[in-house]
Structure formats: C-alpha cells, structure tokens
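Please keep the sequence and the model in view while reading.

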Amino acid sequence: MENKYYSYLGLALVSLLVVLARRQRRRAAAHGGHGLRLPPGPWQLPVIGSMHHLAGQLPHRAMRDLARRHGPVMLLRIGEVPTVVVSSREAAREVMQTHDLAFASRLLSPTLRVILNDDGQDVIFAPYGERWRQLRKICAVELLSARRVLSFRAVREEEVAAALRACAEAAAAAGAAVEMHARLSALVADATVRAVVGDRFESRDVFLRALDRAVELAAGFNPADLWPSSRLVGRLSGALRRAQECHDAVFGIIGGIVKEHQERMAAGGGDGNKDEDLVDVLLRLQNDDGLQFPLDTNIIKAVIFDMVSAGTETTTTTLEWAMAELIRNPKAMETATAEVRRAFAAHGAVREQELGELRYLQLVIRETLRLHTPVPLLLPRECREPCRVLGYDVPRGTTVVVNAWALGRDERYWPGGDAEAFRPERFEDGGDAAGVEFKGADFELLPFGAGRRMCPGMAFGLAGVELALASFLFHFDWEVPGVADPAELDMTEAFGITTRRKADLLLRPILRVPVPGV
C-alpha cells in the first residue's frame, strides 16, 4: 500500500513538471517570437529556467557574476518568470530615465498580493496610473515633505535618547554587550510608529516579528512566485499560507490603530493640523471631496503598512551596516567620532538641526549606502509596453530588476582598485567619486532608486540614520567582544528583499560623554 502511495505521488509530480514545462515553452515562444532581439543570458533548463545559475549565492551576487559573462542587459527565466537584469549605469539610465514611463509599474507577485490583500492600493506596489499618481502626490506634499519630516524631530530625539540610556546602562553593567540589531530595530520602529500613528503600541514586538517574516517572503523566490500560473504549486508551497498569517497579524494591528484614530476624531479629539501624525493626515484627506479617487480605509491601511515597514526595515539595515563598517575600519571610526565630538562638545548632546555640518558623517552614510544598498535589486518593475534597452527588446509583461548592489561595487564606476572597500574619503572634494550623490541623478549610486518610482521616504529615512549614528558615536566608544582584529568581523549578508546582516552585531559600549538623564 505504501509503495502504491509513493508511485501515485511520483506520477503526480512528474505530471506537474510536464505541465509546467509545456507552459514554459509556450511562454518562451510567445516571448521570443516575431524576430525580437532579446538580451543574452545563460543556458536554461526545463521548468526551473535559469534558477540553477543562482543556486548557492544570494541573488544579487549571483546576478552580478552572471552579468560579467553575459552583459549589462541579461535575460533570465526565474522559474517561468522572464526577468531582465540590468547591471550597468547606462542600462539603468535607460530603464529609470529614458524609458521610465514604460517601466513605471511594479511587479505584484502572488505572495505580495496576499501580504497586501489587494492588487496594489498602496504607494510602493500600486500599478502605474492616475490612482498611484494621486497617492504619490499625497506622500510628497502631505506625508513626507521636508516640513513634515522636520515636525517629527522631537520624536526622533526622544527615541534616540531612550536608546542611548539603554546603552549607558549596559556600559555601567561591567561592560555588558548590546545586540545592536534588536536595539536599532526597536529604536527605528518606535520613532517611525510614533510619527505614523502618534504613539507606541503594545503589539510592537508582534508587529516586528510579522514584518520580519514578510520581508523574507517578499523576496520573490517562493514557488508560488516562481510559477505563478500554477495554483497547485501555490497551495503546496505553504508560502501563501504564511503570507496570509503575516497579513492578518500586521493589518490586524494597523486596523485597530486606524479605528482608534477614527473614534477620536468622531469624538472631536485633535487640534486641527497641529501635531498631526500621518494617520491623522490620511483620515483628514479621506474627507476631501476634491480627490479624484477617494481614500477608503483599505487604502489608508496599505499606505500605513508602506510607511512603517519601509521606514523601519531600510533605516535599521543602513544603521547596522554603518556601525559594522566603522567597527571594521578603525581609522574611519576615529575620524567620524572626532568630528561629532568636536561639533557638539559644548552642548553635551547631538542636536539634529546642526547635523548638516558633519561633513565626514555624511560621507560615511553615503559610502554605507554604496556598499550596502538596503534593497540590492531595488523593487522589480514590470514592462508596460514593448521597448528597447541598449538595443535589446524587452517585451511587455517582462519583469525588470536593476542590480543597484552591483552598480555600487563596479570597478568601472569606482576606480582605484578598491570598489569593495569602505572608504568614505572617495566622496570628498578631489576624491575619485566627488560629486556622486544618491538622489537619482547618478546611476552608479541608486540606494533609493530613480525616476517616477524613486523612494519618496528618502528624507524621512536619512533623518533617522543621521541622528542615531551621530549620537551613538558622540557618547560611546565601541568594541567587539571576543574579536581581536576588527577586520575579522563577520559581514555575511542574509537572504531577503533587503540586505540585512546575517550574524548578530554584538558590541560593547564604553561611555565617553555622559548621557543626559542617566
């Protein structure tokens, strides 16, 4: 009986593979027909396509290595999904500037559809169109403007002060070490959540755990995302079930927050536009009859999810990598620390309004973003209409990814033979990368993307990174317990839609400048 069961199971699997192979051949024929000049790429296998070329490495690293052999515009088939990978400054410019409109839509994978529980009603993943343009304008004018980011300065300062006190307590406890990822994640989450919803919430830890799982699932390499045409694959993989669990946990919390705000507004609470959090702003706009597309509650929850998830994940990742790189490079740490302490010695604490004067700290952040682009493949785009990139045809419906991580480490754009090294001085006046910025005009440095779909939260995220990093350097020296040579610090990356560190960053703070309130 058992042998018969396994025979049936094997027959079912073979049948599934045959069906998938036939579908892939049909898709490939439709994709490569009519005399198109498709981009080159490595050889493919039935069903899995190019996936065997990615095995054993993180996707952005494997794609960088493949591009070195096959060119800056390369065609892969990830399962059954045709994917063009762009790995040069010139190709990135064509995708994100010359043909930006053609590539202005996002790919919404089956897993993301479940996590978001919609077809793209948010800002990050919504398809390009008038509804998205309205949301983007709301973000630029109402939610993430320079004035609005500045209004949350007190929140940032309070949360950084709390994190500093926790580190000071660890320093006083016989030099106890601090696990920096947990500390930084809590700091950034609390600051972001207070800006978005007005206060901390009791379910923060539950929210962060669910967000961690969502980040892993959203990387796009679940069976359901690799073979989206097969419902059976989606059911068997279990990823969609886990994505639903993430959605229920995260959106359940967000729904409760929105309801509390609605009840408070109905009761006449709040002071107009004074001290508004971002939920208040969205609920106020919900009553604006001048909007072409009304903001229903589901859209508001989706936008809140974007703000909290993107703001927390990318800022935490950047802060952790910056601390790790400074630990590994004592000279850079010494220079950055001396600059911060010199600037704020008379005040006894870092003041956000004067952070712009810290020239070297800005270079440290820029170099961190170059080496450790928070989202290494940015977010996938979907080709809306047939077009050409560097002379190659890109058919409608093709997934397009820009390997920003590879661009940030390409010797062609970062001369000196040290593109993999952490050297903030390269951006100084007279340096080999002087004048290169990350604001979307220099296509060798794209941590926030470029074009229409460039990250609208750049100023919000950078404000959190600058204040926290400067404050940690001002008050503490940092050691790695058990590591004699800082250069040996483990810098392995973890798999996910973002490039987190794989190993914990365990550091010992040594108090040098007293922390106010301790």
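What percentage of the 518 residues in the protein do buried residues make up? In this predicted model, buried residues account for 54% of the 518 residues.

## Overall build

The protein contains 18 helices and ten strands. Its radius of gyration is 24 Å, close to the 24 Å that the globule rule gives for 518 residues, so the protein is as compact as a globular protein of that length. Taken along the principal axes, the box filled by the C-alpha atoms is roughly 70 × 65 × 55 Å.

When contacts between residues at least 6 apart in sequence are considered, 74% of them join residues at least 24 apart.

## Surface and charge

The side chains include 64 positive and 67 negative ones, with the centres of the two sets lying 6 Å apart.

In soluble globular proteins, nonpolar side chains tend to be buried together. Here the largest nonpolar core has 87 residues, of which Phe103, Val402, Leu446, Leu469, Phe472 and Trp478 touch the most other members. Helix H18, which spans residues 458–475, gives the most to this core, contributing ten residues.

Leaving aside residues up to four places away in sequence, Phe103 touches Val95, Arg381, Glu382, Cys383, Cys387, Val389, Val394 and Val400. Apart from the core of 87 residues lies another core, of 61 residues, including Leu135, Phe201, Leu282 and Ile300.

Technical notes:
Residues are numbered from 1 along each chain as its sequence is written. This is a predicted model: local features need pLDDT of at least 70, side-chain atom pairs count only at pLDDT 80 or more; totals for chains, interfaces and linings use all residues. Side-chain values use heavy atoms; hydrogens and water are left out. Helices (H or I, at least four residues) and strands (E, at least two) are DSSP runs, numbered from the N terminus. The radius of gyration is taken over C-alpha atoms; the globule rule is 2.2 Å times the number of residues to the power 0.38. Buried means under 20% relative accessible area, exposed over 50%, partly exposed in between (1.4 Å probe, protein chains only). Contact means heavy atoms within 4.5 Å. Lys and Arg count as positive and Asp and Glu as negative; His and the chain ends are not counted. The place of a charge is taken as NZ of Lys, CZ of Arg, CG of Asp or CD of Glu. A nonpolar core is a set of buried Ala, Val, Leu, Ile, Met, Phe, Trp, Tyr and Cys residues joined through side-chain atoms within 4.5 Å.
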